[in-house]
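Here is a short briefing for a reader new to this structure. Look at the sequence and the model first, then take the topics one by one.

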Amino acid sequence: MFSRKTFVAATALIGLMTSPALAQQISIKAGVLNDRSGVYADLTGEGSVIAARMAVEDFKAAEKGIKVEIVSADHQNKPDVGSTIARQWYDQDGVDLILDVPTSSVSLAVSQLTKDKNKVFIVSGGGTADLTGKACNANTIHWTYDTYALAQGTGGAMVKAGGDSWFFLTADYAFGHALERDTSAVVQKAGGKVLGTVRTPFPGSDFSSFLLQAQASKAKVIGLANAGGDLTNSVKQASEFGITQGGQKLAGLLVFISDIHALGLQAAQGLVLTESFYWDRDDQTRAWSTRFAKLNGGKQPTMVHAGVYSGLLHYLKAVEATKTKDSATVIAKMKELPTDDPLFGKGSVRADGRKMHDMYLYEVKKPAESKGPWDYYKQIAVLPAEQAFRPLDAGDCPLIKK
Amino acid sequence: MFELIGVPPQALFGQVLLGLINGSFYAILSLGLAVIFGLLNVINFAHGAQYMMGAFVAWMGLNYLGLNYWAALLLAPLVVGAVGIAMERLLLKRIVHVDHLYGLLLTFGLALIIQGLFRNQYGSSGLPYQIPPELRGGQNLGFMFLPYYRGWVVVASLVVCVATWFMIEKTKLGAYLRAATENPTLTQAFGINVPLLVTLTYGFGVALAAFAGVLAAPIYSVNPNMGADLIIVVFAVVVIGGMGSIMGAIVTGFSLGLVEGLTKVFYPEASATVIFIIMVLVLLVKPAGLFGRPA
């Protein structure tokens with residue numbers, strides 16, 4: 001009896017020692033903070049939470065002794081609401097990193113707070129290039145896209161394709177102005193001209209008057225420096241007034257696939273846009289997106305969803321490699337390790353926090369070219385990461401000067 | 001080529017026409033509000049949500065039942081009007097005896113709930129809805145390209161506005177309605193079913209909103225917030241026209257569309273605020289509104 005008991009105990013002990021469960025377990029709490037009820041709810045929202053869960057699953061975190069819990073909240077696109085939630089997450093709920101955060105003003109606020117609390121912030125939804133520019137800090141990584149890359153992609157490519165005169169429809173607030181400014185710079189640098197611009201009240205529903213002004217300007221390209229409902233309304237009405245049929249091209253400066261879905265191909269056809277991810281790009285993106293769509297009520301992922309997945313995956317890799325969740329150590333590792341995942345391919349995280357990957361220029365298909373639901377884009381060009389994103393030394397990021 | 005204040009006349013004509021088109025939406029929506037306020041004394045904040053429901057019913061009809069635009073134009077006002085009648089019977093009726101403010105709060109709350117439900121179900125980025133094939137394309141008028149659909153919007157809303165005005169001001173039914181507004185107790189004493197009139201009037205006002213929603217579906221983004229964005233402007237239109245004044249709502253709707261259209265040419269940044277500036281001025285000079293009678 002005695003010897004048998006000892007034997008069992010000994011086996012159990014050996015079992016415990018070899019099982020990874022006994023290896024020091026790291027538990028991580030990741031917060032997905034985004035818009036869950038407003039204009040950006042479809043392109044960020046619950047989809048980003050699904051993407052984060054998929055990252056944990058694909059990383060096989062549990063097998064590697066890393067326990068990951070995911071929490072989520074709605075920041076309502078308001079900086080004060082976003083900061084309050086982030087503060088509570090960091091101070092009381094033990095959240096280690098925050099993901100996503102669309103609406104540039106909110107992501108700037110959360111970035112600053114993350115720096116103060118020495119946590120980790122991986123931005124996917126927020127767009128302003130200031131996050132890795134003058135507002136950059138050592139705790140923030142900007143993953144999916146930024147306004148500079150959008151301007152570079154759509155602006156540069158359209159001029160190259162002969163669209164050398166532009167007229168802007170600009171949403172009359174900080175985001176629209178920034179997008180117009182960045183794109184104008186690209187257009188002019190490439191030898192194009194900006195014939196005019198009209199500042200449209202935000203949010204607006206009728207853009208026909210502004211579109212007629214754009215039409216009258218005889219510009220070859222009408223740049224839409226707006227987003228969400230303003231964008232869908234202006235594209236819909238441009239098609240109604242025969243602007244695209246008349247030979248002028250529409251350039252969407254911030255367009256997500258969810259916007260195209262909302263517009264329908266009849267109205268959106270011919271629109272040129274820049275994205276860093278398209279579900280139907282290759283076998284790997286298709287396989288991932290099929291899994292995602294099943295969990296997301298049949299809706300395909302946007303690039304923001306893909307960025308949340310890819311960013312969290314890379315973070316977990318760094319945690320695995322360093323066996324700690326200490327922010328400075330993990331971020332240093334994230335910047336050191338090359339990135340590689342099925343959605344964005346191989347890339348890297350630059351010293352200023354900019355995630356480097358290629359961007360793609362797409363044109364929206366004609367209804368006849370589309371083979372089925374969500375078959376919306378044809379690829380016109382690939383922008384290598386080095387061309388798409390702002391050069392490291394041109395962003396005025398304080399991390400770089402030192 | 002001569003110019004008017006720096007703008008070529010061609011562009012100006014175009015903008016005047018576009019202003020009228022936008023004015024038609026203001027006119028139909030503010031007409032519905034005016035009818036409801038006139039008879040029920042309810043400030044119907046759910047009007048925007050009901051307008052949105054009209055557009056969504058059109059979308060649902062097309063995608064679930066295969067009903068085309070023209071069927072939706074008939075059906076959506078009926079369906080949404082019926083929902084409105086249910087709302088009046090179940091909720092609004094209970095608060096007619098208390099202050100206006102309660103009706104405003106109730107309908108505002110309902111609007112938020114309705115928008116939330118639609119957002120949950122259909123997301124926030126919107127749904128596609130095409131212009132009916134009969135009205136695709138347009139006509140070059142020389143000074144501008146007029147899509148046939150926009151022309152149709154102006155005609156349809158003018159007809160609806162004039163018909164409503166005629167019904168209320170010139171028919172026997174309208175006389176009953178006006179009598180019930182003036183003195184419900186006395187009207188009831190004459191054997192007229194005032195509660196039924198009230199319910200039907202609310203249903204009719206709501207149906208007008210839904211009709212505008214269907215008109216808007218092919219040209220504006222069909223999303224749960226489409227009404228919330230518009231309703232504030234429409235309230236300003238009603239206040240300028242004079243609360244409860246039918247003719248006031250129609251005339252102000254079209255003319256403010258015009259003013260807004262012109263502002264979009266001369267000073268686009270102010271085009272969202274110009275209506276409110278006018279509202280402030282009108283309230284200062286004529287607190288009852290341009291067409292309202294002082295209480």
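Which residue in E14(A) is the bridge partner of A:Glu275? The partner is A:Tyr360. Keep in mind that this is a predicted model.

**Strands in chain A**
- Strand E10 of chain A covers residues 272-275.
- Strand E14 of chain A covers residues 359-364.
- The two strands run antiparallel and are joined by 4 bridges.
- A:Val272 and A:Thr274 point one way from E10(A).
- A:Leu273 and A:Glu275 point the other way.
- All four of these E10(A) residues are buried.
- In a regular strand, side chains alternate between the two faces of the sheet.

**Helix packing in chain B**
- Helix H2 (residues 47-65) packs with helix H4 (residues 100-122) in chain B.
- Their axes lie 9 Å apart, at an angle of about 30 degrees.
- Angles under 35 degrees count as roughly parallel, so H2(B) and H4(B) are roughly parallel to each other.
- The crossing of H2(B) past H4(B) is left-handed.
- On the H2(B) side, the contact is made by B:Gly48, B:Ala49, B:Met52, B:Met53 and B:Phe56.
- On the H4(B) side, B:Ala111, B:Ile114, B:Gln115 and B:Phe118 make the contact.

**Annotated spans in chain B**
- An unreviewed UniProt entry annotates "transmembrane region" in chain B, including residues 12-35 and 231-259.
- Residues 12-35 of chain B are 100% helix and 0% strand, with end C-alpha atoms 33 Å apart.
- Residues 231-259 of chain B are 86% helix and 0% strand, and their end C-alpha atoms lie 18 Å apart.

Key
Residues are numbered from 1 along each chain as its sequence is written. Chains are lettered from A and ligands numbered from 1 in the order in which they are written. This is a predicted model: local features need pLDDT of at least 70, side-chain atom pairs count only at pLDDT 80 or more; totals for chains, interfaces and linings use all residues. UniProt positions are given in the numbering used here, feature names are shortened, and annotations may be inferred rather than shown by experiment. A residue is buried if 20 or more other C-beta atoms lie within 10 Å of its own, exposed if 12 or fewer, and partly exposed in between; C-beta atoms are placed from the backbone. Two strands pair if DSSP finds at least two bridges between them. Axes are lines fitted to C-alpha atoms, for helices over the stretch in contact, and angles run from 0 to 180 degrees between N-to-C directions. Angles under 35 degrees count as roughly parallel, over 145 as roughly antiparallel, 65 to 115 as roughly perpendicular and the rest as oblique. A crossing is left-handed if the near helix is turned anticlockwise from the far one by less than a right angle, and right-handed if clockwise. Two residues are in contact if their C-beta atoms, placed from the backbone, lie within 7 Å.
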